[in-house]
Amino acid sequence: MAGSQSFILHNRLEHQTMTLDEYRRTGGYQGLRELLNHEAPENIKKTVLDSGLQGRGGAGFPAGKKWQLLPDDAPHPRYIVANTDEMEPGTFKDRLLLSVNPHTVIEGMIIAGYANSAQKGYFFIRPSYQQVALKFEKALSEARAGGFLGQKILGSDFSFEIVVHRSAGRYICGEAKGLIHALQGERPHPNIEGHLTEEGLWGRPTIVNNAETLAYVPHIVRNGAQWFRDLGKHDKAPGNKIYSVCGRVRRPGVFELPFGTSLGEIIEEHAGGMLPGYEFKACLPGGASTRYLTKEFFHVEMDFESMSKIGPGHRLGTGAIMVFDHTCCLVAITLNLIQFFARESCGWCTPCREGLPYMEALLAAIARGEGEADFLPRLQEMCRHMRNAYCAFALGAASPVQGLMEDFEDEVKAHITHKKCPLEHDDPNQWPLQPMPGIEDLETGNERHPSCPI
Amino acid sequence: MMLPEDKREQLQTQILESEAPREEAINVMFALQKHYGYLSDEAVSEAAHMLGMTTLEIEELATFYDFLYREPVGTYVIHVCDSSICWMYGEETVMDYLSKTLAIAPGETTADGLFTILPVCCVGYCDHAPVMLINGKPYGPLTPDAIDSILLDIRLNHPECEEVK
C-alpha cells in the first residue's frame with residue numbers, strides 16, 4: 001500500500017465508525033462550509049465534471065455529465081439518490097465504506113444537493129445491510145445536530161434533508177430506474193423511458209449516484225479537480241477506487257487504491273495472493289456481470305477504459321474481484337451465477353425472464369455430465385438474445401456464460417465428452433466446514449477464526 | 001390483534017411526512033410483518049388501508065421482495081447465502097448441517113415455530129464466507145461448532161428481533 005493514500009476509507013475497521021468529530025478533524029464538512037459561502041452551484045458541477053469522476057456503481061458514466069443532464073431551469077423539487085443496493089454477487093465495497101465513513105457519503109449527498117439545487121436526498125439501502133443503515137442514521141443525526149443537514153445549513157439559505165429508504169431486497173432495485181419505482185412503492189421494474197434527470201422520482205428531476213461516487217465529492221470540492229485527476233494511475237482513470245477482493249485469497253477485503261491499479265497488484269500485494277496450496281485459475285474482475293480473466297491479464301489496469309480495451313464484453317463493473325482457484329470448476333461457478341440471475345430477474349421482459357432459466361437448465365445439464373454437443377451453440381444463441389432485454393442486467397448475466405464458452409471452451413467440452421466434471425474434486429457435501437487456514441483478518445492482522453456474529 | 005395504536009400513529013406520521021403515501025409501503029409492510037410475524041391477509045388489508053392502496057397493489061410488492069413473507073415464518077428467519085463465494089466455501093454443507101440440526105428442509109419452519117431456513121442470494125459479506133443472516137444479522141465464517149453455539153444462544157436468550165427479518 002506504499003505510495004497510495006486512502007481518502008474515503010480511512011481504515012477498514014468495520015466496527016469503528018468515524019464519528020462526526022473524527023470526520024471533521026480530517027477536514028470533513030469544510031468543503032461544504034466553504035462552498036455554501038462562496039461558490040455558485042454551477043461551479044461545483046463544473047469542478048466535478050473537470051475531475052473526471054466516473055460512476056462507481058458499474059457503468060462508469062461521468063458523474064459531472066450526469067449532473068449536467070439536469071437542466072438549469074428544471075422544475076422543483078429535485079432529488080438526489082445515493083444507491084447502496086449493492087446486490088452484485090461478490091461486491092461489498094459500499095458496506096465497508098459506509099461502516100467506516102458514513103459522513104463522507106452524507107457530505108457528498110448534501111454537496112450534490114447544493115450543486116443541483118435539490119431539496120431532498122434518499123439513501124437507498126438493501127435489507128442485509130441493516131447494521132450499516134443504523135450507523136448511517138446515527139451519522140445523519142450527528143450531521144443534523146451539527147447544523148450540516150436540515151433547514152438553512154450552516155446559516156446559509158440552502159436547506160436539504162436526507163431520508164433513509166430500506167429496501168426489502170431484490171437485485172433489480174440497484175438498477176436506477178427500478179430503484180425509482182421501488183422508492184415510489186411500486187413493483188421495481190426498470191421500465192421508465194427517458195432520463196431520470198428530467199423525469200425521475202415522482203416525475204421530478206432526480207440524480208441517482210452510487211454511494212462510493214458521492215463519497216469522493218467532498219474531497220474533490222475541497223482539493224480541486226486536478227488533485228483528483230492526479231490520484232489515478234493515468235489520464236483516463238481519475239481518482240481512487242475501492243476494490244474488493246474475495247474468494248480464495250489470503251486477505252479478502254476492500255482496498256482504496258489509485259484508479260487503474262493493475263489486477264495483479266490488487267490480488268497479489270493487497271489481497272495477499274492465493275491461500276497456501278491454491279493456484280490462481282481465473283477471476284471475475286467486477287462482480288458477476290463481467291467476464292473471467294486469467295493470469296495473463298494480471299498486467300491490465302483496473303479502470304473502465306483499460307478493461308473495455310481487452311475486448312468485446314469485457315468491463316470493469318463494480319471492481320469487486322472474485323478469485324477462483326485451480327480446484328474450482330468454472331462450469332459450476334457459472335451455473336451458480338446464472339442461478340442467481342434467473343432467480344433475481346424481475347420478470348418484466350421476456351428475454352430475461354424466459355432466457356435465463358433456459359440457460360440455467362443447459363448449464364446444469366452440462367455440469368451434471370448430461371450436456372450435448374449442441375448445448376454450446378444454443379447457449380451462444382441465448383447470450384445473443386439477451387441483447388434484446390429491456391435493461392442491462394440480462395446482458396450482464398450473459399457475460400460470465402459467454403466468457404466461459406469462449407475462454408474455457410476446453411473445460412466445458414470436457415464435461416460433455418467425459419459426461420462428468422473433469423476436475424478431481426470432493427463431493428461438496430463432504431467438504432470440511434471450517435474457515436480456510438491462512439485467511440488473515442484485515443481488522444486484527446491475525447489468522448481468522450470463526451467469529452460470529454460479524 | 002391489530003397493530004398497537006402508538007405504532008400505527010408513528011407510521012401514520014411517517015406517511016404524512018412522505019412525498020406520497022405509497023413511498024412508505026415497505027416500511028409499513030416491515031412493521032406489520034414484525035407485528036404479525038409475517039404478512040398475513042389481515043396485514044395486507046391493513047397496509048392497503050393505511051397507504052390508500054389496493055390489496056392487489058400491496059400483494060404485487062409483498063410477493064416481489066426477498067425479505068417480505070406472505071406465509072408464516074419462524075420467529076428467527078435464517079437466510080443462508082448461496083451465491084458464488086459462499087457456495088465455494090461450503091454453503092451446501094451449511095445448508096445441510098442446518099437442515100439436519102433443525103430437522104427441517106429449506107423453506108420449512110421448526111415445529112416450535114422458532115426457526116425458518118431460506119436460501120438467499122449474495123448478502124454482501126463475501127469476505128466472511130460462508131455466511132448466514134439471522135433476522136438480518138450476519139454471521140460468518142460458519143463452522144458446525146459456530147452454528148451450534150449461535151442456535152443455542154438464540155434458544156436460551158431469545159434475542160430481540162432486528163427490524164429486518
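This is a predicted model: local features need pLDDT of at least 70, side-chain atom pairs count only at pLDDT 80 or more; totals for chains, interfaces and linings use all residues.
View 1. Zoom in on B:M29 and you'll meet B:L39, B:A47, B:L61, B:A62 and B:L68, which B:M29 touches, leaving aside residues up to four places away in sequence. As a bit of background, nonpolar side chains tend to be buried together in soluble globular proteins. Chain B has an average pLDDT of 94, and 97% of its residues score at least 70. For the complex, the predictor gives an ipTM of 0.96 and a pTM of 0.95.

View 2. A:N209 sits in strand β4 of chain A, which covers residues 206-210. Buried or exposed? A:N209 counts as buried because 26 other C-beta atoms lie within 10 Å, and the cut-off for that label is 20 or more. Setting aside residues up to four places away in sequence, A:N209 touches A:G55, A:A63, A:A82, A:N83, A:A112 and A:L214. Look for A:I80 too: A:I80 and A:N209 are 129 residues apart in sequence, but their C-alpha atoms are 7.8 Å apart in space.

**View 3. Helix α7 of chain A and what covers it.** Helix α7 takes in residues 130-145 of chain A. At 1.5 Å a residue, its 16 residues should span 22 Å, so the 23 Å between its end C-alpha atoms agrees. Among the buried residues of α7(A) are A:V132, A:F136, A:L140 and A:A143. The cover over the buried residues includes α1 (20-25), α5 (93-100), α6 (102-115), β2 (120-125) and β3 (161-166), which belong to chain A. Just past the helix, have a look at A:G147, where phi is positive, at about 85°.

**View 4. A four-stranded open sheet in chain A.** Reading across, the strand order is β6-β5-β8-β7, and the pairing is mixed. At the edges are β6 (253-258) and β7 (280-284) of chain A, each pairing on one side only. From one strand to the next, the twist averages 30°. Helix α11 (residues 263-270) of chain A packs on the sheet and touches β5, β6 and β8, with its direction at about 130° to that of β6(A).

**View 5. Where β5 meets β8 in chain A.** Strands β5 (residues 240-247) and β8 (residues 320-325) of chain A run parallel and are joined by four bridges.

Methods
Residues are numbered from 1 along each chain as its sequence is written. Chains are lettered from A and ligands numbered from 1 in the order in which they are written. Helices (H or I, at least four residues) and strands (E, at least two) are DSSP runs, numbered from the N terminus. A residue is buried if 20 or more other C-beta atoms lie within 10 Å of its own, exposed if 12 or fewer, and partly exposed in between; C-beta atoms are placed from the backbone. Two residues are in contact if their C-beta atoms, placed from the backbone, lie within 7 Å. The expected span of a helix is 1.5 Å times one less than its number of residues. pLDDT is the predictor's confidence in each residue, from 0 to 100. Two strands pair if DSSP finds at least two bridges between them. Axes are lines fitted to C-alpha atoms, for helices over the stretch in contact, and angles run from 0 to 180 degrees between N-to-C directions.
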